[in-house]
Structures are given as C-alpha cells and as structure tokens.
Amino acid sequence: MILRRYGNAYHSVETNFNPTAINEIGFMRDRAFSVPAADFDARYEALETGEIGADADAEVQRHAERDLLRNLERALAQWVERLQPGQVLVVHNGREDWPKTRERREAVIVEGENRFHFHWWVDPPLKVGIYGAR
C-alpha cells in the first residue's frame with residue numbers, strides 16, 4: 001500500500017502518471033485507508049528510505065515522456081513489491097520538492113534529415129520510505 005500525507009493525515013493513494021496532465025506525476029486518494037499523522041508516527045517507524053528517478057529517450061516527444069512515466073511507475077512498483085505484511089510505502093515529496101518531468105532536445109541528422117531526439121528525466125526524484133510497525 002502506498003501512503004501520502006495530505007494535511008494532518010496519511011491516506012492511501014494510487015499512481016496517476018499521465019503524460020497529458022499538467023502535473024504528470026500524480027497520486028489519487030483511493031479512500032481505502034487513512035490515519036491521522038500523529039497516530040501514524042506513533043505506530044510506524046522508517047525501515048528504509050530512498051529516491052526514485054527515471055529517464056527515457058525517444059525520437060518522438062510524447063513517446064519519450066510516456067516511457068519516462070512508465071519507467072517511474074515500474075521503479076515505484078519494485079518498492080511496493082518489497083513490502084512485507086504490515087508495511088507501507090510513504091511518498092515524502094511535498095509541494096516545495098514535487099517531482100517534475102524535464103526535457104532536453106538534441107538536433108540530430110538521420111538519413112540526411114534534421115530531426116530532434118528527446119531525453120526526459122524526473123527532477124527532483126520521488127522520495128519514498130518503507131515503514132513498519134514499531
């Protein structure tokens with residue numbers, strides 16, 4: 001289960017990585033679980049923390065961005081797969097350090113034609129932590 005803090009409580013969320021959205025890296029509350037932050041802090045402790053980044057390259061801009069978000073979602077899923085019973089994954093990023101997609105374009109020549117090559121990455125990375133019962 002993935003949790004994210006909203007105000008003074010942690011809520012369960014699902015990924016919402018959408019290349020056509022203004023904020024492509026998003027999470028939606030699924031209303032399956034919530035706990036006040038004070039209760040969470042009393043019941044859980046951090047077992048491991050880390051950062052998740054991703055990147056992608058393509059000759060078409062929307063393909064590079066789509067692949068980037070897929071890579072990020074796969075990396076996040078690997079953290080979720082490592083969870084043991086009773087553990088949760090918490091997304092720590094807030095408004096001030098929310099991950100954003102970044103792009104760099106390079107002009108290249110392919111078969112005598114000018115083209116662009118797109119490189120996309122996430123900056124800053126997604127900050128996560130695995131938490132277990134105290």
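Trainee: What should I know about the model before we start?
Mentor: It is predicted, so local features need pLDDT of at least 70 and side-chain atom pairs pLDDT 80 or more, while totals for chains, interfaces and linings use all residues. Residues are numbered from 1 along each chain as its sequence is written, and side-chain values use heavy atoms, without hydrogens or water.

Trainee: How many aromatic pairs are there in the whole structure?
Mentor: Six. Rings of Phe, Tyr and Trp (its six-membered ring) pair if their centres lie within 6.5 Å; planes under 30 degrees apart are stacked, over 60 edge-to-face, and the rest tilted.

Trainee: How do F40 and Y44 pair?
Mentor: They are stacked, at 4.6 Å centre to centre with 20° between the planes.

Trainee: Is F40 buried or exposed?
Mentor: Buried, at 1% relative accessible area. Y44 is buried too, at 12%. Buried means under 20%, exposed over 50%, and partly exposed in between (1.4 Å probe, protein chains only).

Trainee: And why is the F116 and F118 pair tilted?
Mentor: Because the planes are at 50°, with the centres 6.1 Å apart. F116 is partly exposed at 45%, whereas F118 is buried at 7%.

Trainee: Which residues form one aromatic cluster?
Mentor: Y10, F40, Y44 and Y131.

Trainee: Switching topic. Which residue lies over the face of Y6?
Mentor: R29, at 4.1 Å from the ring centre. R82 lies over the face of W79, at 4.6 Å. The test is NZ of Lys or CZ of Arg within 6 Å of the ring centre and within 35 degrees of the ring normal.

Trainee: Now the largest pocket. What lines it?
Mentor: R4, R5, Y10, V90, V91, H92, N93, G94, R95 and W98. A pocket is an open set of points on a 1 Å grid over the protein atoms alone, where a 1.4 Å probe fits, with protein on both sides within 12 Å along at least five of seven lines; lining residues have an atom within 4 Å of a point.

Trainee: Which strands supply at least two lining residues each?
Mentor: β1 (2-6) and β6 (88-91). Strands are DSSP runs of E, at least two residues; helices are H or I, at least four.

Trainee: Last one. Which residues touch the most other members of the largest nonpolar core?
Mentor: F27, I52, L76, L89 and V128, out of 26 residues. The core joins buried Ala, Val, Leu, Ile, Met, Phe, Trp, Tyr and Cys through side-chain atoms within 4.5 Å.

Trainee: What gives the most to this core?
Mentor: α2, with seven residues.
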